[in-house]
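Work through the following exercises with the coordinates open beside you. Each task sentence is followed by a solution that goes step by step.

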Amino acid sequence: MDIFDVFSARHSIRAFTDQPVTDDILGKILEAVNRAPSAGNLQAFDIFQVTKVEHKEALMRASHDQGFLVQAPVVLVFCATPARSAVRYNERGGTLYCIQDATIACTYAMLATTALGLGCVWVGAFNEEAVHQVIGAAPGQRPVAMLPIGYPNETPRIRPRRSLDDIVHQVG
């Protein structure tokens, strides 16, 4: 699939079939993530792969009962790792660059998921401490996004986008 087709095809999917995501497919998604740019190439993020139902149920509770987290065969939790970025970039690395690294990585996962014919949805509404506990993250790691992945069991309504004239502002 051409990258511009991927952009057009990507939509938030909140209903999944029970078809499992194979290790091969998941590996391709994770390899794409590993190619994501990051500040100073430090890759100041970690990914927790969640497949056990009891852990997905705990993530659901931590995310205000978003039930599709349990329905998805796999949930990737993207955590910023501030210490990895702060070593080189001090406070800005530990408070911003690591967050950007984790979110760029999640975006690469979203696009790779779409390109492979699967669906996903970005989940940012959750209790950070509860997610931290569920995945057993190290002290200092900060969950910033969850990505449930699976084969779509819905066709989402296409929502209108803002016009480029509204978004783009010419300077100089």
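**Exercise 1: the enclosed strand**

In this predicted model, seven of the seven residues of S2 are buried, so this strand is largely enclosed by the rest of the structure.

Task: determine which residues of S2 are buried on one side and which on the other.

Solution. Begin with the rule that in a regular strand the side chains alternate between the two faces of the sheet. One side of S2 then carries Val74, Leu76, Phe78 and Ala80, while Val75, Val77 and Cys79 lie on the other. Buried means under 20% relative accessible area, and the residues on both sides of S2 are all buried, so that both faces of the strand are covered.

**Exercise 2: the sheet around S2**

Solution. Individual bridges can then be located, for valine 50 is partnered by valine 75 of S2, glutamine 49 is partnered by leucine 76 of S2, and cysteine 79 has proline 143 of S4 as its bridge partner.

**Exercise 3: a loop residue and its contacts**

Task: locate leucine 116 and find which residues it touches, not counting those up to four places away in sequence.

Solution. Leucine 116 is placed in the loop that runs between helix H5 (82–115) and S3. Its contacts, with that sequence exclusion applied, are Ile25, Lys28 and Ile29. A further check uses tyrosine 151, which is 35 residues from leucine 116 along the chain, with 9.9 Å separating the two C-alpha atoms. Leucine 116 has a relative accessibility of 29%, and therefore counts as partly exposed.

**Exercise 4: positive phi outside glycine**

Task: compare the phi value, loop and exposure of asparagine 41 with those of histidine 64.

Solution. Take asparagine 41 to begin with: its phi is near 55°, a positive value in a residue other than glycine, and it sits in the loop between H2 and S1. Histidine 64, which is not a glycine either, has a positive phi of about 60°, and its loop lies between helix H3 (53–62) and helix H4 (68–71). For exposure, the cut-off is over 50% relative accessible area; asparagine 41, at 60%, therefore counts as exposed, and histidine 64, at 58%, is exposed as well.

**Exercise 5: a nonpolar patch**

Task: identify which residues make the nonpolar surface patch of about 330 Å², and classify phenylalanine 7 as buried, partly exposed or exposed.

Solution. The patch is made by Ile3, Phe4 and Phe7. Phenylalanine 7 belongs to helix H1, which spans residues 3–9. Because its relative accessibility is 46%, phenylalanine 7 counts as partly exposed.

Terms used: Residues are numbered from 1 along each chain as its sequence is written. This is a predicted model: local features need pLDDT of at least 70, side-chain atom pairs count only at pLDDT 80 or more; totals for chains, interfaces and linings use all residues. Side-chain values use heavy atoms; hydrogens and water are left out. Patches are made of residues with over 30% relative accessible area and no salt bridge: like charges are joined within 9 Å, nonpolar side chains (Val, Leu, Ile, Met, Phe, Trp, Tyr) within 5 Å. Accessible areas come from the Shrake-Rupley method with a 1.4 Å probe; for residues, only the protein chains shown count as cover. A salt bridge is a side-chain nitrogen of Lys or Arg within 4 Å of a carboxyl oxygen of Asp or Glu. Helices (H or I, at least four residues) and strands (E, at least two) are DSSP runs, numbered from the N terminus. Buried means under 20% relative accessible area, exposed over 50%, partly exposed in between (1.4 Å probe, protein chains only). Two strands pair if DSSP finds at least two bridges between them. Contact means heavy atoms within 4.5 Å.
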